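Please keep the structure in view while going through the numbered points.

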Amino acid sequence: MGSTDTDRAFFGQPRGLVGLFFAEAWERFSYYGMRALLLYYMTDRMLDGGLGIDSADARSLIAVYGSATYLAAILGGWISDRLLGDRRATLLGGVLIMCGHICLAIPAGAGALFASMIFIASGTGLLKPTISSSVGDLYARDDPRRDSGFSIYYMGISVGAVAAPLVVGTVGQTYDYHLGFGIAAVGMAVGLIVYVRTQRHLSPLSDRPKNPLRLREVPRGRLAGVLAGIAALVAIIVGTVATGTLDAGGVVNLISVVAIAVPAAYFTVMLRSGRTTAVERARVRGYIPMFVAAVAFWCIQEQGATVIAQYADESTDLGALGFTIPASWFQSVGSLVLIVLTPLFAVLWLRLDRSTRPPSPAHKFAVGLAIAGLSYLLLVLPALGGGQTNPLWLVASLAVVTIGEMCLSPIGLSATARLAPAAFATQTMGLWLSSNAAGQGIGAQLVKFYDAGSAAAYFGLLGAGAVVIALLLLAVTPLIRRQTERKAPSGEPGAETLSGVQR
């Protein structure tokens, strides 16, 4: 059980939401600050402080880096559910992320870049699912404030994300890349301090593993097999890297395949597990089409750090507004729109979910994905004209995709927390984050086809594809609703009445 309706200390929400809001804001400041600079740092000339990497390779590497970061969330969720609990996993993840940013702040070349990727991917894998799960623990399963609370929490992400490109991006592009990355490290340190000082207000559910692992209950043969598999995987990776068999292109392709295969395998595990009840299994099946829609959405939205960043730098008139703006500033547009619209959407979802015919999560997902497709279709017009694009076109596209994000992402967090089987609570939150990993894994292959000369075709095909998938999701919404509204007999896991986003 989460908190009760009597805890309304934070604008009608549980007081524990305050610390999670600010901790996530600072974590996102560090991440989006790093992301705002990464493409330009990787592709800039060495003489100008960059690494001189080819732009196509850099786009794919950044995409699979993002994919690996969110893919690690599945392992992070397992570690929290079985070993550490949400609080300790969140804290450890934050420390690893800070170490990653410190690596980037040191001018040590490509070695420091790849070390930072390992630290940040591992840390984010621990922090993202657990801090989101802690938000869910603040609410009872049938608390109608849940969607509104997740929307407020999501605004914490936006506060950090809107400030980061303006601060870190400006310092990095104007003065020194490593100084900008250093500011991101400081931001993560502040986030850790806020979390430590406010964690006493979290739900007791976040303090312990939800499904603790007891080694004496694990068959020795299975444990030995797992350890042998891990050792073999490490040996293969080390061997292929040492011999040059696994080059940068091979890494991109490998992570793309893994990003799709892992969530597919994990759905299979949950559906076949004896710890998943029949009703929980039906809910998971209803969740799968929404997960697919989320993958398609993130495939478009996450190209803001790759294709859109390059389009801003190469194909946009950065001086058209009367003064020259850094290309990294465009990555603040979406977060700024989120801040402005989040209160409106929080009220909107609360009223709609209390109405006589509330929209289901699948309806919201379909609308969000269709809007994301329209954001790319909008860029077809200026791209067809050739020459330098007025920056307002790019601002409009980024604003539109953000509206789609408000229809999908916080609702996805909330729906995932509700539909998760009891034995896989935090792991299912990690599975939700892996939708981002799969989207970026697919995107890592798609961004290879981007070229300034064929930008109109690129934006048009991806935008139209997203709209088609959204229409297919709408067509199967009645089936999804029947699956996700199933109720368990009294006394069984999942027997609580579903309401709000589930009705």
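1. Helix H10, residues 307–314, is mostly covered, with 6 of its 8 residues buried. Helices here are DSSP runs of H or I with at least four residues, strands are runs of E with at least two, and both are numbered from the N terminus. Buried means under 20% relative accessible area, exposed means over 50%, and partly exposed lies in between (1.4 Å probe, protein chains only). The buried residues of H10 are Val 307, Ile 308, Ala 309, Gln 310, Tyr 311 and Ala 312. They pack against H1, helix H2 (55–84), helix H12 (361–385), helix H13 (391–419) and helix H15 (455–475), where contact means heavy atoms within 4.5 Å.

2. The model is predicted, so local features need pLDDT of at least 70 and side-chain atom pairs count only at pLDDT 80 or more, whereas totals for chains, interfaces and linings use all residues. Residues are numbered from 1 along each chain as its sequence is written, and side-chain values use heavy atoms, with hydrogens and water left out.

3. The largest nonpolar core has 120 residues. Such a core is a set of buried Ala, Val, Leu, Ile, Met, Phe, Trp, Tyr and Cys residues joined through side-chain atoms within 4.5 Å. Helix H1 (residues 16–43) gives the most to this core, with 14 residues. The residues with the most contacts inside the core include Phe 365 and Trp 432. Not counting residues up to four places away in sequence, Phe 365 touches Met 290, Ala 293, Ala 294, Cys 407, Leu 408, Ile 411, Gly 412, Trp 432 and Leu 473.

4. How many aromatic pairs does the structure hold? There are 15 aromatic pairs. Rings of Phe, Tyr and Trp (its six-membered ring) pair if their centres lie within 6.5 Å; planes under 30 degrees apart count as stacked, over 60 as edge-to-face, and the rest as tilted. Phe 21 and Phe 22 form an edge-to-face pair, 5.0 Å centre to centre with 80° between the planes. Phe 21 is buried at a relative accessible area of 9%, while Phe 22 is partly exposed at 39%. Tyr 287 and Phe 291 form a tilted pair, at 6.4 Å centre to centre and 50° between the planes. These two residues are separated by about one helical turn because they are 4 residues apart in helix H9 (residues 278–301). Ring pairs also link Tyr 311, Tyr 376, Tyr 450, Tyr 458 and Phe 459 into a cluster.

5. Asp 176 lies in the loop between helix H5 (146–174) and helix H6 (177–198). Is Asp 176 buried or partly exposed? Asp 176 counts as partly exposed because its relative accessibility is 36%. At the start of H6, a side-chain oxygen of Asp 176 reaches to within 3.0 Å of the backbone nitrogen of His 178. The side chain of Asp 176 also reaches the backbone nitrogen of Leu 179 at 3.0 Å. A polar contact is a pair of N or O atoms within 3.5 Å; within protein, one must be able to donate a hydrogen and the other to accept it, and residues adjacent in sequence count only if both atoms are side-chain atoms. The C-alpha atoms of Asp 176 and Gly 49 are separated by 7.4 Å, although the residues are 127 apart along the chain.

6. Ser 335 is found in helix H11 (residues 333–353). Ser 335 is buried, since its relative accessible area is 7%. Not counting residues up to four places away in sequence, Ser 335 touches Ser 158, Ala 161 and Val 162.
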